[in-house]
Structures are given as C-alpha cells and as structure tokens.
Amino acid sequence: MTGFQAKLERFESLATEREMIAHRAVGGGDRELYLRLSERYRAQAADMRALIATIDAAA
C-alpha cells in the first residue's frame with residue numbers, strides 16, 4: 001500500500017503546486033488552465049483515497 005500512499009501524496013502535491021501557479025498567473029487563460037489541472041489532480045487524489053479505503057476495509 002505504500003505505493004498508493006505515495007501516489008496520493010504526489011497528486012495532492014501537484015494540485016497544491018498548480019493552485020499556487022494559478023494564483024501567480026498573469027493571463028486569465030493560464031490561470032484557468034492551472035486551476036483545471038489542480039481540480040483534476042484533486043479528483044485523482046480523491047479516487048486514490050477511495051481505493052486505499054477499499055483496500056483497508058478488505059484487510
């Protein structure tokens with residue numbers, strides 16, 4: 001499960017980094033792009049959390 005936890009942490013880190021970039025972005029298009037990327041990484045993190053919870057429940 002360590003691999004899944006590492007992926008979860010990576011998705012959360014990527015989401016946070018993209019949010020910070022979005023807040024510094026000057027152009028509206030760039031800001032929207034980075035915010036959409038952040039949302040996607042947050043969704044992947046949520047999916048990974050659900051997978052980890054399923055594995056924990058089965059154990």
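What covers the buried residues of α2? The cover includes helix α1, where buried means a relative accessible area under 20%, exposed over 50% and partly exposed in between, with a 1.4 Å probe and protein chains only. The structure is a predicted model, in which local features need pLDDT of at least 70, side-chain atom pairs count only at pLDDT 80 or more, and totals for chains, interfaces and linings use all residues. Residues are numbered from 1 along each chain as its sequence is written, and side-chain values use heavy atoms, with hydrogens and water left out.

Helix α1 comprises residues 2-24, and helix α2 comprises residues 28-58. Helices are DSSP runs of H or I with at least four residues, strands are runs of E with at least two, and both are numbered from the N terminus. The expected span of a helix is 1.5 Å times one less than its number of residues. For the 31 residues of α2 this gives 45 Å, which agrees with the 45 Å between its end C-alpha atoms. Within α2, Asp-56 is partly exposed because its relative accessibility is 42%. The C-alpha atoms of Asp-56 and Ala-46, ten residues apart along the chain, are separated by 15 Å.

The buried residues of α2 are Ser-38, Tyr-41, Ala-45, Met-48 and Ile-52.

One aromatic pair was found in the structure. Rings of Phe, Tyr and Trp (for Trp, its six-membered ring) pair if their centres lie within 6.5 Å; planes under 30 degrees apart count as stacked, over 60 as edge-to-face and the rest as tilted. Phe-11 and Tyr-41 form this pair, with 6.4 Å from centre to centre and 25° between the planes, and the arrangement is stacked. Phe-11 belongs to helix α1 and Tyr-41 to helix α2, so the pair links distant parts of the chain, 30 residues apart. Both Phe-11 and Tyr-41 are buried.

Ser-38, in helix α2, is buried because its relative accessible area is 2%. Not counting residues up to four places away in sequence, Ser-38 touches Ala-15, Arg-18 and Glu-19, contact being defined as heavy atoms within 4.5 Å. Arg-18 lies in helix α1 and counts as buried because its relative accessibility is 18%. Leaving aside neighbours within four places in sequence, Arg-18 is in contact with Tyr-34, Leu-37, Ser-38 and Tyr-41.

A search of the whole structure identified three salt bridges. A salt bridge is a side-chain nitrogen of Lys or Arg within 4 Å of a carboxyl oxygen of Asp or Glu. In one of them, the side chains of Glu-12 and Arg-49 meet at 2.4 Å, N to O. This pair links distant parts of the chain, with Glu-12 in helix α1 and Arg-49 in helix α2, 37 residues apart. Glu-12 is partly exposed because its relative accessible area is 25%, and Arg-49 is also partly exposed, at 41%.

Another salt bridge joins Arg-42 and Glu-19, whose closest N and O atoms are 3.2 Å apart. Arg-42 lies in helix α2 and Glu-19 in helix α1, so the pair ties together parts that are 23 residues apart in sequence. Arg-42 counts as partly exposed at 33% relative accessibility, and Glu-19 counts as partly exposed at 27%. A further salt bridge is formed by Arg-18 and Glu-17, with 3.3 Å from N to O. Glu-17 is partly exposed, with a relative accessible area of 31%, whereas Arg-18 is buried.

His-23 is found in helix α1 and is exposed because its relative accessible area is 67%. The C-alpha atoms of His-23 and Ile-55 are separated by 36 Å, the two residues being 32 residues apart along the chain.
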